[in-house]
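Reader: I've got a two-chain model open and I'd like to go through the labels on it. Can we take them one at a time?

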Number of protein chains: 2
Amino acid sequence: MSEQRTGISGVGTSSFGRFPARRIEELAWEAITEAIDDAGLMPGEIDAAYVGSVFGPPGIANRVLAGVGLAGIPTFTTEAACASGTVALHEADQAVRAGRFGRVIAVGVEQLSTRFAGPIVPEPTDPEGRAGLAMPALYALQASRYLQEWGVAPELLAHVAVKNKAHGAHNPRAHLGGQPPSLEQVMESRPIAGPLTLLQCCPMSDGAAAAVVAPYASGDVEILTSQLSSGGLWGSSDPTPWGVATVRATAARAFAATELTIRDVDVMEVHDAFTIGEILTLEAIGVAPPGRGAELASSGHTAIGGAQPVNPSGGLLSRGHPLGSTGLAQAAELVWQLRGQAGERQVGGARIALLETMGGGAAGVDANACVIALLRGPDESP
Amino acid sequence: MSEQRTGISGVGTSSFGRFPARRIEELAWEAITEAIDDAGLMPGEIDAAYVGSVFGPPGIANRVLAGVGLAGIPTFTTEAACASGTVALHEADQAVRAGRFGRVIAVGVEQLSTRFAGPIVPEPTDPEGRAGLAMPALYALQASRYLQEWGVAPELLAHVAVKNKAHGAHNPRAHLGGQPPSLEQVMESRPIAGPLTLLQCCPMSDGAAAAVVAPYASGDVEILTSQLSSGGLWGSSDPTPWGVATVRATAARAFAATELTIRDVDVMEVHDAFTIGEILTLEAIGVAPPGRGAELASSGHTAIGGAQPVNPSGGLLSRGHPLGSTGLAQAAELVWQLRGQAGERQVGGARIALLETMGGGAAGVDANACVIALLRGPDESP
């Protein structure tokens with residue numbers, strides 16, 4: 001059967017930060033109303049909703065929809081760790097593509113400030129949780145291995161944070177905006193889990209984001225493809241660190257589904273919960289060969305003004321990481337970039353964008369999910 | 001586009017009860033392996049999975065799939081309160097029907113014993129939660145109104161529990177099996193929230209259930225239709241109690257999608273978390289007119305041996321109510337009934353079955369979701 005082409009016709013986000021006094025619904029309402037307004041629609045013109053959240057309360061979908069006039073449409077939830085919001089976008093895209101629904105809103109929402117006093121630790125029944133390995137420690141193991149295996153200096157990790165925080169300084173909605181730190185400040189910030197220092201770790205954020213997916217129309221950002229993989233079993237003998245094999249496989253499928261290669265991609269938002277994450281991800285999707293991803297930030301390749309800017313929003317390191325919202329915040333940034341609406345952080349001439357989110361595995365699984373989407377800017381650039 | 005006919009080719013469940021010393025994964029593994037065996041498949045022949053849970057840990061989908069050889073297939077979660085498992089079944093059905101995936105497993109899993117010491121209370125930011133109305137109290141308000149409005153004696157509520165617990169006495173996997181209580185014992189059990197007594201409230205259970213959905217083949221239980229509604233806004237001026245309007249609308253769509261009426265239905269599993277729930281549900285789907293549903297249990301109409309047996313498994317009141325699992329436990333029971341495999345609780349000549357689950361609303365929404373499916377027994381009855 002022939003598929004419907006799909007586009008993103010509207011996006012919206014809340015501000016990102018720590019808002020423990022606010023209701024989680026309020027964060028979502030900001031994002032949803034902005035997205036629907038941006039699409040030029042009224043709430044009654046939305047046909048279905050997918051809501052991604054990891055730690056949101058039961059009934060999160062109807063809970064956030066009812067307050068903005070979206071009660072009564074078919075609603076679904078998605079949970080795939082850090083990729084929860086991106087899975088919501090993927091499912092919205094699939095539903096429109098297949099003709100199941102007309103206009104669909106994908107929403108991500110999370111409020112970590114009211115739930116966690118420290119970092120997230122996997123469940124105590126998981127091997128990682130039993131060993132007391134909080135998320136920063138898990139990424140630190142990847143980082144240590146990477147530095148050792150490829151003979152890379154720790155400064156190259158820190159350059160990723162310097163770059164993304166410089167980008168985020170131009171994002172008024174970023175959790176950690178403001179004056180960006182120097183390389184020395186990143187290196188000398190408090191050690192969290194060696195070799196990762198505080199400023200190489202994303203903050204625990206609250207926030208929401210949303211996107212309206214609809215049959216493609218001129219003026220939309222087209223979703224050229226959205227690919228989802230769920231991780232296979234992960235063994236200690238796996239030659240790649242946690243999640244990398246799944247990201248690589250997903251990227252290969254995204255490029256195979258289009259006529260594009262990584263060289264065609266003008267701007268990216270990828271999963272940089274920790275500096276090492278951006279490096280491994282960019283290697284997995286083919287921006288650099290293994291062991292060379294660490295040079296991409298320090299060389300300027302992935303900075304705004306470089307050949308392939310990565311995380312112009314500031315990424316998770318600066319914009320913040322409200323888990324279930326992240327994928328849709330990435331989508332919103334890329335839509336703004338492709339429309340030329342990104343203000344001081346605009347990537348010049350951005351035409352093709354790549355969105356990647358990887359939700360970490362549990363119970364021995366390589367990844368809960370990885371979603372990679374390729375987006376194309378509107379036919380008439382503004 | 002023409003839709004694929006769909007069937008359930010295998011079902012499985014764990015035992016239901018309180019198993020705080022077990023891992024939530026183990027409960028799911030029992031259900032999944034039984035369902036795949038029942039379908040005559042190997043794990044490698046399953047193409048995708050939908051996992052419903054309300055309070056399961058992050059990553060619940062891959063968590064339960066990895067241990068039984070199902071890692072790496074596309075996995076999705078569903079959360080819609082008590083209807084979470086039924087939404088998983090609905091989404092599996094939709095995916096197979098549309099040709100998105102071949103064979104899909106729907107799983108429901110929940111472990112309440114490790115999470116709650118008392119009844120579930122809505123979130124403190126909800127009007128119900130702010131008023132301290134736990135779930136039994138919310139249903140008690142419905143029951144009080146019903147008794148008053150229709151001049152019904154409280155005994156008629158209790159008859160629902162007597163019936164379902166008599167059914168459940170023949171279900172070796174029921175949480176509250178064993179010797180069923182008398183009418184007096186139900187009436188005289190501890191008051192929970194007037195007029196509901198202890199034995200009119202479902203237990204807080206642990207358990208899991210699963211079903212394999214595939215393109216329809218002879219020998220399968222056919223899914224004639226599965227309809228999902230998400231609730232609209234609920235106002236205090238609504239003429240029907242909480243959720244009823246959504247159940248009624250969903251039932252109307254299920255019958256409209258088939259050539260069937262409620263009179264064609266031979267056996268049902270419906271959402272009887274509290275006795276009043278079964279009564280209001282049966283009225284909403286047309287088994288009895290408003291105000292007359294209370295007579296259905298005491299008259300024998302809905303008992304095994306009656307004209308339209310309801311909840312032959314024992315229902316939520318006896319089998320138990322592990323929230324996310326319930327819809328798939330209902331599906332398993334109906335598949336066994338339609339195949340003639342229900343042993344001492346077999347409904348004679350059951351050919352058409354109705355499955356209904358309603359997930360309660362939150363934040364002023366009538367219902368998170370209601371799913372109603374109509375199932376048809378295998379072509380060659382055993």
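Predicted model: local features only at pLDDT ≥ 70, side-chain atom pairs only at ≥ 80, totals over all residues.

Reader: What makes the meeting of B:Glu91 and A:Arg100 a salt bridge?

Author: Their side chains come to 2.6 Å, N to O. The cut-off is 4 Å, between a nitrogen of Lys or Arg and a carboxyl oxygen of Asp or Glu, so the label holds.

Reader: How many salt bridges and polar contacts are there between chain B and chain A?

Author: Four salt bridges are counted between the two chains. For polar contacts, the count is 16 residue pairs, both partners at pLDDT 80 or more. On the chain B side, α2 (60-66), β3 (75-78), α3 (84-97) and β11 (367-376) each give at least two residues to the face that touches chain A. That face of chain B has 20 nonpolar, 13 polar and eight charged residues.

Reader: And what is the size of the interface, in residues and in area?

Author: The contact takes 41 residues from chain B and 41 residues from chain A. About 3200 Å² is buried between them, with 52% of it on carbon and sulfur atoms.

Reader: On to A:Arg376. Why is A:Arg376 called buried?

Author: Its relative accessibility is 15%. Buried means under 20%, so A:Arg376 counts as buried. You'll find A:Arg376 in strand β11 (residues 367-376) of chain A.

Reader: Which side chains does the side chain of A:Arg376 make polar contacts with?

Author: One is that of A:Glu222, at 2.7 Å, and another is that of A:Asp379, at 3.0 Å. The limit for a polar contact is 3.5 Å, so both pass. Setting aside neighbours within four places in sequence, A:Arg376 also has contacts that include A:Arg5, A:Tyr216 and A:Arg351.

Reader: Which residues touch the most other members of the largest nonpolar core?

Author: Those are A:Met268, A:Ile285 and A:Leu354, in a core of 60 residues. Helix α5 (residues 135-150) of chain A supplies the largest share of this core, seven residues. Apart from this core lies another, of 52 residues, including B:Trp242 and B:Met268.

Reader: What is A:Leu354 in contact with, beyond four places in sequence?

Author: Among them are A:Phe255, A:Ile262, A:Met268, A:Ile285, A:Leu334 and A:Ile372. A:Glu269 is in contact with A:Leu354 too.

Notes: Residues numbered from 1 in each chain as written. Chains lettered and ligands numbered in written order. Heavy atoms only, no water. Core = buried A, V, L, I, M, F, W, Y, C linked by side-chain atoms within 4.5 Å. Buried < 20%, exposed > 50% of the residue type's maximum accessible area, 1.4 Å probe, protein only. Helix = DSSP H or I, 4+ residues; strand = E, 2+ residues; numbered from the N terminus. Contact = heavy atoms within 4.5 Å. Buried area = accessible area lost by both parts, 1.4 Å probe. Polar contact = N/O pair within 3.5 Å; in protein donor to acceptor, adjacent residues only side chain to side chain. Nonpolar A, V, L, I, M, F, W, Y, C, P; charged D, E, K, R; others polar.
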